[in-house]
Amino acid sequence: QLQLVESGGGLVQPGDSLRLSCAHSGFTLDYYAIGWFRQAPGKEREGVSCISSTGGGTYYADSVKGRFTISRDNANNTVYLQMNSLKPEDTAVYYCAAEYRALMCRIVGGIPPPNEYTYWGQGTQVTVSS
């Protein structure tokens with residue numbers, strides 16, 4: 001059983017940065033595509049970013065492109081989401097998700113929807129407010 005745990009959220013001001021981590025226990029992440037999603041109150045869960053198993057394919061939502069960077073350290077079983085120039089509209093609970101399809105992001109050519117992922121973390125709150 002793959003277990004994902006997000007961390008790194010918090011309360012920050014507009015323009016600040018945060019780095020979210022998605023650590024896992026269980027099986028190695030080597031063959032899993034990883035996605036980051038977020039959900040604001042009253043809104044649907046939306047895809048933020050996706051990374052293929054080797055890290056060679058990365059994809060971003062238009063709303064975060066140029067500000068967020070996804071990366072992975074398979075040796076340490078961790079995936080990161082570096083978030084820079086944060087805006088109030090980035091406020092949400094952020095989730096990481098995994099699916100045992102190494103090239104899923106690349107095949108889709110973007111961020112597969114939430115129902116394509118089998119494993120989910122519990123989420124971490126990010127609040128951007130002055």
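Which residue in strand 8 is the bridge partner of Ser 71? The partner is Tyr 80, and this pair is a handy way into the structure. The model is a predicted one, in which local features need pLDDT of at least 70 and side-chain atom pairs count only at pLDDT 80 or more, while totals for chains, interfaces and linings use all residues. Residues are numbered from 1 along each chain as its sequence is written, and side-chain values use heavy atoms, with hydrogens and water left out.

Strand 7 and strand 8 (residues 78–83) are joined in the antiparallel sense over 6 bridges; two strands pair if DSSP finds at least two bridges between them. Strands (E, at least two residues) and helices (H or I, at least four) are DSSP runs numbered from the N terminus.

Arg 101 is partly exposed, at 35% relative accessible area (buried means under 20%, exposed over 50% and partly exposed in between, with a 1.4 Å probe and protein chains only). Leaving aside residues up to four places away in sequence, Arg 101 touches Tyr 31, Ala 33 and Glu 116, where contact means heavy atoms within 4.5 Å. From Gly 15, Arg 101 is 86 residues away in sequence and 35 Å away in space, C-alpha to C-alpha.
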